[in-house]
Each structure stands twice: as structure tokens, then as C-alpha cells.
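Q: Could we go through this model together? I would like to begin with confidence and then turn to local details.

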Amino acid sequence: VGSVRCVQETVVKHHDDTIVYNGGCDVAGGRWDTQLHNNAAERRMSDGFEGHTAIHDQMVRVTGPSALEYERHFYQRWNDPYPAFFPLLNLPKYEWTPPPFKPTEEEGINIQFLRTAACKGANLGYYSNFAPRGEFSGMAAFYKLVENAKDFIYLEDQFFNFDEPMIAVAKALPRLKAVIIFTDSQDTPNWLAEERFYLQYKALSPLMADPAQRHKVHIFILRRHDDPTQYIYLHSKMFIADDEYMIHGSFGMERAGMTNDNEVGAGFCDPKGKLIKEHRIKLWAEYLLLKETDPILEDPIKAIEEFNSCLLYTSD
């Protein structure tokens with residue numbers, strides 16, 4: 001098992017197969033939870049996460065030819081000539097020979113590997129073996145998602161404090177039916193809370209600027225079903241357009257993750273609208289305590305009404 005960065009990816013070698021888990025989950029204490037986010041015995045055994053009583057996060061499991069791109073990234077990072085990690089340790093090199101490429105049409109999904117490798121880091125000498133000038137394919141993919149969205153955009157992220165991508169979403173509102181956002185309340189129990197509130201407000205404000213379009217914007221914060229006074233800390237990083245394209249990875253809607261840190265993810269293109277739609281429905285069924293077969297979840301626009309009926313608080 002190898003992990004490039006705790007929130008980046010985990011590459012698992014099982015015999016000759018490469019299996020990748022990528023997403024927002026940190027390899028750290030306090031990240032375990034149940035789907036109901038209740039006080040199950042196992043949940044109480046967790047040490048909590050920064051004072052939160054529940055946490056929501058996501059990972060995707062990638063196998064096949066696409067997983068090799070993640071392993072290639074792991075290989076490149078681990079063997080970076082400029083030692084980014086533990087420079088005082090004499091770590092052995094990660095030996096890896098890419099197997100022959102075997103294209104597959106399984107499920108009709110196209111997957112593009114995405115990452116952030118900052119120019120600042122490249123200028124210091126990092127990433128010389130794969131991104132000597134830096135790379136921002138994760139951010140570029142998000143702009144492409146917004147540019148090509150026809151009906152709706154569905155975003156999950158803990159931050160939403162990066163202005164420019166949200167301005168792009170606001171410009172797309174006239175042609176869209178809805179923008180659905182799930183985020184964290186930024187009520188972080190530490191000294192950063194006030195700053196995070198302000199940055200999120202500043203980034204999301206463009207979505208509400210046009211009185212003729214703001215009714216299309218729906219922003220939700222998850223709360224526990226068994227105790228609505230307790231909100232669920234949302235830590236996932238996932239962006240969907242029209243149930244046909246999804247970005248899933250470790251970079252969130254924040255300037256650091258999109259431009260400065262070293263992050264990885266993937267863009268999933270599903271023209272048939274099957275697997276990505278199933279993923280969205282699975283999430284929303286969990287949020288609304290519905291069965292995944294409930295027909296109301298089929299149409300994301302109609303499902304918004306179901307979310308609105310569950311609101312504890314509203315704001316203009």
C-alpha cells in the first residue's frame with residue numbers, strides 16, 4: 001500500500017492487479033462514520049473529527065487501465081529527484097514497469113487522470129520528472145465541465161472559497177435549470193471559522209447576484225436525521241454535470257487545492273448517463289432516507305423539491 005498524500009490516493013497492489021482509491025478521505029482518525037451518521041456503538045468508538053459529531057466523505061475505486069495512471073503518478077512522486085517527502089530518510093526507490101496497455105470498453109466510461117502540481121513547487125525543483133512547469137488539469141477539467149453543462153450542475157465540496165470557478169458557474173446560470181450545492185457550514189470550532197465564513201460567502205455571492213437567476217441556485221448543508229441540531233461535516237470533493245460527466249478527487253473548490261497543492265483526481269465521462277447517475281441517486285437516497293429505486297430521484301430538478309421539503313432553515 002502506498003499513499004502519496006493522505007488525501008490524494010491509495011494504490012493497492014493485489015497480485016498483478018492495481019486497485020486505486022481516490023477522493024477526499026484522509027488517512028487519519030475521526031473519519032469513520034455510518035451512512036446514517038447516528039450514535040451507533042462503532043461510531044462512538046471513533047475519536048471524532050475536529051469536534052464534529054458526523055462526517056460525510058467519498059472515495060472512488062478505480063481498476064483496469066485507468067488505475068495504471070494513478071500508479072504512474074505514485075511512481076513519479078515517490079521517485080521525484082527532488083525529495084519532497086522525508087528528505088532525511090533513505091527511502092528505497094519504487095520499482096515499477098508499466099504493463100502493456102489494454103484498452104477496454106467496459107461500461108462505456110472514459111476516464112481522464114487529473115492533478116494539480118503547482119508552478120511554485122516546480123520552480124523549487126519538484127515534479128521535474130513529470131510536470132517541470134506545473135500542471136492544472138484538475139482546474140481545467142472543472143471549467144470544461146461548466147462550459148459543457150446543459151441542464152444542471154451538482155457540486156459537493158467542504159470549502160467553496162475559490163471565486164473564479166464560481167463566477168464561471170454564475171455565467172452559465174442562464175442556460176441551466178439548476179445548480180445544486182452541498183457544502184459545509186464553515187462552523188469550524190477553531191480560529192479559522194470567521195475567515196472561512198467570509199471566503200465562502202465571497203465565492204458563492206456571484207451565484208446570487210442576478211435576481212432573475214438566483215432561484216436556480218440551491219445550497220444545502222447536511223444535518224443528522226436523529227439529531228437535526230448536529231450538522232454533518234461534509235469533506236467530499238465531487239462535481240457533476242448532467243449525470244454525464246463527473247470530477248472526483250482530492251482537490252476541492254479552493255485556491256490551494258486547484259493551484260498550489262499536489263492533488264490528484266479523475267474526470268469520468270459517461271455519455272449514456274448510467275453510472276454517474278446511479279452514483280448521484282445513491283448519494284441523494286442516503287441524504288433523503290429514500291430507496292434508490294424511488295422515482296423522484298430520477299429527475300434531479302424534481303428531487304430538489306424533496307430536499308426543499310426537508311429544510312430546517314431558509315435564507316434569502
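Q: What is the average pLDDT of the protein?
A: This is a predicted model, and the protein averages a pLDDT of 85. A score of at least 70 is reached by 83% of the residues.

Q: Where does pLDDT stay under 50?
A: That applies over residues 1-7, for which the model has 28 contacts beyond four places in sequence. Where pLDDT is low, the predicted coordinates should not be read in detail.

Q: Turning to helix 6, which residues are buried there?
A: The buried residues in helix 6 are A193, R196, Q200, A203 and L204. They cover an arc of only 100° around the axis, so they lie on the same side of helix 6.

Q: And which are exposed on the other side of helix 6?
A: E194, Y198 and Y201 are exposed there.

Q: What covers the buried residues of helix 6?
A: The cover includes helix 5 (163-172), strand 9 (178-183), strand 10 (217-221) and strand 11 (233-234).

Q: How many salt bridges are there?
A: The count comes to eleven salt bridges.

Q: What is the N to O distance for E164 and R255?
A: Their side chains meet in a salt bridge at 3.0 Å, N to O. The pair links distant parts of the chain, with E164 in helix 5 and R255 in helix 7 (residues 255-260), 91 residues apart. E164 counts as partly exposed at 36% relative accessibility, and R255 counts as partly exposed at 40%.

Q: Is D80 buried or exposed?
A: D80 counts as buried because its relative accessibility is 7%, under the 20% limit. D80 forms a salt bridge with R77 (3.6 Å, N to O), and R77 is buried as well, with a relative accessible area of 6%.

Q: Which residues are linked with K150 in a network of salt bridges?
A: The network links K150, D242 and E244. Between K150 and E244, the closest N and O atoms are 3.7 Å apart.

Q: A change of topic: what is phi of Y127?
A: Phi of Y127 is near 65°, a positive value in a residue other than glycine. Most residues other than glycine have a negative phi. Y127 is in the loop between helix 3 (119-123) and strand 7 (135-136), and Y127 is buried, with a relative accessible area of 6%.

Q: And what about phi of L289?
A: Phi of L289 is near 55°, also a positive value in a residue other than glycine. L289 lies in the loop between helix 8 (275-288) and helix 9 (300-309).

Conventions:
Residues are numbered from 1 along each chain as its sequence is written. This is a predicted model: local features need pLDDT of at least 70, side-chain atom pairs count only at pLDDT 80 or more; totals for chains, interfaces and linings use all residues. Side-chain values use heavy atoms; hydrogens and water are left out. Buried means under 20% relative accessible area, exposed over 50%, partly exposed in between (1.4 Å probe, protein chains only). Helices (H or I, at least four residues) and strands (E, at least two) are DSSP runs, numbered from the N terminus. The arc is that of the directions from the helix axis to the C-beta atoms. Contact means heavy atoms within 4.5 Å. pLDDT is the predictor's confidence in each residue, from 0 to 100. A salt bridge is a side-chain nitrogen of Lys or Arg within 4 Å of a carboxyl oxygen of Asp or Glu.
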